[in-house]
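Here is a short briefing on the structure shown below.

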Number of protein chains: 2
Amino acid sequence: MEIISDVAQMRRMARAWRGQGKRIALVPTMGYFHDGHLSLMRYGREAADKLVVSLFVNPAQFGPNEDLARYPRDLERDAGMAREVGVDVLFTPPAEAMYPPGYQTYVSVEELSRPLCGASRPGHFKGVATVVLKLLNQVQPDTAIFGEKDYQQLQVIRRLAADLDVPVEIVGRPIVREADGLAMSSRNTYLSPEERASALCLFRAIRAARELVLSGARSRESVLEAVRGIITATPHTDIDYISLVHPDTLREVDTIDPEARLALAVRVGKTRLIDNTLLSESLLCCV
Amino acid sequence: MEIISDVAQMRRMARAWRGQGKRIALVPTMGYFHDGHLSLMRYGREAADKLVVSLFVNPAQFGPNEDLARYPRDLERDAGMAREVGVDVLFTPPAEAMYPPGYQTYVSVEELSRPLCGASRPGHFKGVATVVLKLLNQVQPDTAIFGEKDYQQLQVIRRLAADLDVPVEIVGRPIVREADGLAMSSRNTYLSPEERASALCLFRAIRAARELVLSGARSRESVLEAVRGIITATPHTDIDYISLVHPDTLREVDTIDPEARLALAVRVGKTRLIDNTLLSESLLCCV
């Protein structure tokens, strides 16, 4: 595995691969890998001849009062994990190369960026869309792979690629969870043991919603009330949003017809956690 | 020459060319060709193996009260002219393919889009940047060629390509003028004979500014006063802006040091015309 931080060098290597007819997969990440990242990498390893994992903690997607400075970083550990999965290049561009002086171009996926996390984190998806488009242009992969935990991000990026005619296949992969159900996230490291226990309420709420739907519930309020009840009964929690949305448009829906995405963001202590699941009339989809 | 309106077909053809190692040049236009367009095409013909000219009157770059509906169109005439220059593909995507229902992704080159035409035409450069990025992604040319008459547009696109890491060379080519000096523009067809005579004031102002600089003038006010005097003395004119800006940043400058771009937009009757020139301390540059 090579670690490349020079954008021009990354570009040359990818161009050489394309010249040899190799298919390229890209997994964009902010590093501090967990099994969620590794599952994306394993998928990419199978999907293409060459696998690039980018590691860039993107300042443009953090708000002024967010956790950019303390976002966990450990390049050595990450490089070891990536090497084991068989990554070809760990691409680690410096912020000065991504946003040099005079940088001023931003991409907005307007409607999909507004609700949910977009409402709580103004500018977040503009930063995400911009950096992902830059990485796609730098690496020019055939396939780019993202996790469904950041479901709104995945939808924003799908739309970005379709709207701007970027010649890439966007793949979304299922959430990977801890043994007890907590969705894996680099931000889980922020949690104290007590908060870690409380954090499980997101998964418990999701499981309760699924069970409600399995037992016949279809209405927005029945699902959201159950979810809200579970979160508010848990100490150290503060609900950012609980939403039931159309899986493609992310507009709020009144019923699960034939499916809907339950999405939630909850502050546990000072740590903002998100999770989501598909709720479907067709039982097999959401168990 | 082929006329292709299907985006997927254009993409396949360009991909096949790239597979054969052909270099591709793209000249994005809104059609109704004049010698300015043809000079861009001739440059592209020499610069690459394959020449694509796109013809798309882009709704996203017109304001609600602008001339989208009456913008001149004549595909048959344009096709004949393009064929004569040796264009390989005239690419004419329909608006429904460029902006299908649900379309919502836009690109902004923030600072460069604000002054000059950006101030008079809110959203114009967002529309320009977006459609140019789409065309670049559809055709994936090695070189894309633009005229300097739309100088701000050229700077916006240069910045767009650099900031978003689009692997393309952006080339700007000199303004082509009528025999009497009027910068060629598809919008010149809007002018009545009387307005056509008045329209020459833009070039006369530019020539006067150049002569002032040749004779030693360097200050903003001496140049702008002369320009303003010439325009306001001409019937049927209404100044939108007269600006002296840094050629790269488009920020207003106080002196020509070592060079500056004089840019003007003038309404002649109902027709808004633009023109610009480089004013330089080094005499040879601006004669």
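How are α9(B) and α10(B) oriented to each other, roughly parallel or roughly antiparallel? They are roughly antiparallel, because their axes cross at roughly 150° and angles over 145 degrees count as roughly antiparallel, under 35 as roughly parallel, 65 to 115 as roughly perpendicular and the rest as oblique. This is a predicted model, in which local features need pLDDT of at least 70, side-chain atom pairs count only at pLDDT 80 or more, and totals for chains, interfaces and linings use all residues. Residues are numbered from 1 along each chain as its sequence is written, while chains are lettered from A and ligands numbered from 1 in the order in which they are written.

**Confidence**
- Chain A has an average pLDDT of 97 (the predictor's confidence in each residue, from 0 to 100).
- In chain A, 98% of the residues score at least 70.
- For the model, ipTM is 0.96 and pTM is 0.97.

**Helix pair in chain B**
- Helices α9 (residues 201-214) and α10 (residues 220-232) of chain B have axes that come within 9 Å.
- Helices (H or I, at least four residues) and strands (E, at least two) are DSSP runs, numbered from the N terminus.
- Axes are lines fitted to C-alpha atoms, for helices over the stretch in contact, and angles run from 0 to 180 degrees between N-to-C directions.
- The α9(B)/α10(B) crossing is right-handed; that term applies if the near helix is turned clockwise from the far one by less than a right angle, and left-handed if anticlockwise.
- From α9(B), the contact residues include Cys201(B), Arg204(B) and Leu212(B).
- From α10(B), they include Ser222(B), Val223(B) and Ile231(B).
- Contact here has C-beta atoms, placed from the backbone, within 7 Å.
- The contact of α9(B) with α10(B) has 10 nonpolar, one polar and one charged residues.
- Ala, Val, Leu, Ile, Met, Phe, Trp, Tyr, Cys and Pro count as nonpolar, Asp, Glu, Lys and Arg as charged, and the others, Gly among them, as polar.

**Helix pair in chain A**
- Helix α9 (residues 201-214) of chain A packs on helix α10 (residues 220-232) of chain A at about 150°, with axes 9 Å apart.
- So α9(A) is roughly antiparallel to α10(A).
- Their crossing is right-handed.
- Ala205(A) and Ala208(A) of α9(A) are among the contact residues, as are Ala226(A) and Val227(A) of α10(A).

**Sheet in chain B**
- Six strands form an open sheet in the order β1-β4-β3-β2-β6-β7 (chain B), with parallel pairing.
- Strands pair if DSSP finds at least two bridges between them.
- From one strand to the next, the twist averages 25°.
- β6(B), residues 143-147, is joined to β7(B) by five bridges.
- Gly147(B) is opposite Arg173(B) in β7(B).
- Helix α2(B), residues 35-47, lies across β2, β3, β6 and β7 of chain B, at about 155° to β6(B).
- Helix α7(B), residues 151-163, lies across β6 and β7 of chain B, at about 170° to β7(B).

**Chain A to chain B**
- Each side is counted: 21 residues from chain B and 21 residues from chain A.
- On the chain B side, β5 (105-109), α6 (124-139) and α7 of chain B each give two or more residues.
- β5(B) gives the largest share of that side, five residues.
- The chain B side has 10 nonpolar, five polar and six charged residues.
- β5(A), residues 105-109, pairs with β5(B) in the antiparallel sense over five bridges.
- Thr105(A) stands opposite Val109(B) in that pairing.

Definitions and conventions: Contact = placed C-beta atoms within 7 Å.
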